[in-house]
Amino acid sequence: MTPIVFILSPGADPAFDVFNLGEAMGFLPGQKLKYMALGQGMGPKAAEQLEQGSTRGLWVMLQNCHLLPSWLKTLEKILEKIVKPHNDFRLWLTTEPTSTFPLGILQRSLKVVTEPPNGLKLNLRSSYAKITEENLAECPHFAYRAQVFVVAFFHAVVQERRKYGRLGWNVAYDFNETDLRISLALISTYLKKAFDNKDDQIPWGTLRYLIGEAMYGGRVSDSFDRRILTTYLEEYLGDFLFDKFHPFMFYAAADGSMVYKLPDAGHRNVYTDYIGEMPIVQSPEVFGLHPNADISYYSSTTKTLWRDLVSLQPRAAGGGDGVRREDIIDKIALDLLSKIPEPFDLPVLKKRVGIPTPIQVST
């Protein structure tokens, strides 16, 4: 009686997790778990699946409900007519935030917001949370474990570039977990073939093309963005990953304060332990961006924070002994001011530094 509504955000793909849950509970996708993506003319077929699911005890997943807003009112009426569904019946809905979604469905449903993690460390940790030692052991090729980490790092980088706006990508792309999962499957397939054929050469060109042009590149519409993708893969995939005399590094700061390298091959725990040692915050230089890119990111984040705070304020002034809107804003402002560090004493710094070089000015 309670639908589960996934409110999507860029980079999130909850469908795969629902499929895994269904397999674990005996509701195999395509058999006892019916799923379909909504679009023009798909309303009658979705209604038919709902009827079958409620009477036979199936799981039904309707994806991208925001693409068929005209049918959502009909969906609301169908749910109202389902009085005594089968005990095993479950309804899963996915939608982007939209004002056309019926309030009646939202009020009776369980809302779940899925967001990709923020930061390289959390993104890699999320990817490896769904990669088991059994998955890594499926491919016998020595290069597989290293390439899994490299592609997971690449996936985190292309997702993190999004938060820098036009400095990261000319067009905002929804790279998600499906891209990573299929890219790993492609690597496993080609490395297994190379291992079975006892081929010492790894098909780097094929892997770069399939991952950069087909999987991730299939979403890219801008030629400069596509060039960025291919450049990353040329820098990340190659025989240089296994050079014993010159260990591969994704990024190394000149002063050695921040180093992102490829861990030594080993058990899954080797990679997860290394991810746990990573800093929670990273410089834009890790992505190949200028350090000043953080200025744009923090400025837009601050504006979004204040815009959301203002939108949460009551629209009318309170009466009686209620707290005034201005008092709430003053309290929030004072709280934020108390957390801001003391301003720099510029004359003292000028005496200490002297005439700054261009590098000191930028940092």
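**Aromatic pairs, an open sheet and its helices**

A search of the whole structure, which is a predicted model, finds 27 aromatic pairs. Rings of Phe, Tyr and Trp (its six-membered ring) pair if their centres lie within 6.5 Å; planes under 30 degrees apart count as stacked, over 60 as edge-to-face and the rest as tilted. One of the pairs is formed by Phe-149 and Tyr-274: the ring centres are 6.2 Å apart and the planes stand at 65°, so the pair is edge-to-face. Because Phe-149 lies in helix α7 and Tyr-274 in helix α11 (residues 268–277), the pair ties together parts that are 125 residues apart in sequence. Phe-149 and Tyr-274 are both buried, where buried means under 20% relative accessible area, exposed over 50%, and partly exposed in between (1.4 Å probe, protein chains only).

Residues are numbered from 1 along each chain as its sequence is written, and side-chain values use heavy atoms, with hydrogens and water left out. Local features need pLDDT of at least 70 and side-chain atom pairs count only at pLDDT 80 or more, while totals for chains, interfaces and linings use all residues.

The predictor's confidence in each residue is given as pLDDT, from 0 to 100. Its mean over the protein chain is 86, and 96% of the residues reach 70 or more. Confidence is highest in helix α7 (residues 144–160), at a mean of 92, and lowest in helix α15 (residues 358–362), at 65.

The protein chain has 15 helices and seven strands. Helices (H or I, at least four residues) and strands (E, at least two) are DSSP runs, numbered from the N terminus. Of the 363 residues in the protein chain, 39% are buried. The C-alpha atoms fill a box of roughly 80 × 75 × 40 Å, taken along the principal axes.

Five of the strands form an open sheet in the order β2-β3-β4-β1-β5, with parallel pairing. Two strands pair if DSSP finds at least two bridges between them. At the edges stand β2 (33–37) and β5 (110–113), each with a single partner strand, so one side of each is left without a neighbour in the sheet. On average, neighbouring strands of this sheet are turned by 15° against each other, direction ignored.

β2 is joined to strand β3 (residues 59–63) by five bridges, and Tyr-35 has Met-61 in β3 as its bridge partner. Between β3 and β4 there are four bridges; here Val-60 is partnered with Leu-91 in β4. β4 also pairs with β1, again over four bridges, and Phe-6 has Thr-94 in β4 as its partner. Five of the six residues of β4 are buried, so this strand is largely enclosed by the rest of the structure.

Helix α1 (residues 15–24) lies across β1 (4–7), β2, β3 and β4 (90–95), and runs at about 170° to β3. Axes are lines fitted to C-alpha atoms, for helices over the stretch in contact, and angles run from 0 to 180 degrees between N-to-C directions; contact means heavy atoms within 4.5 Å.

Helix α14 (residues 346–353) presents another setting. None of its eight residues is buried, so α14 lies largely in the open. Gly-354 follows α14 and has a positive phi, near 85°.
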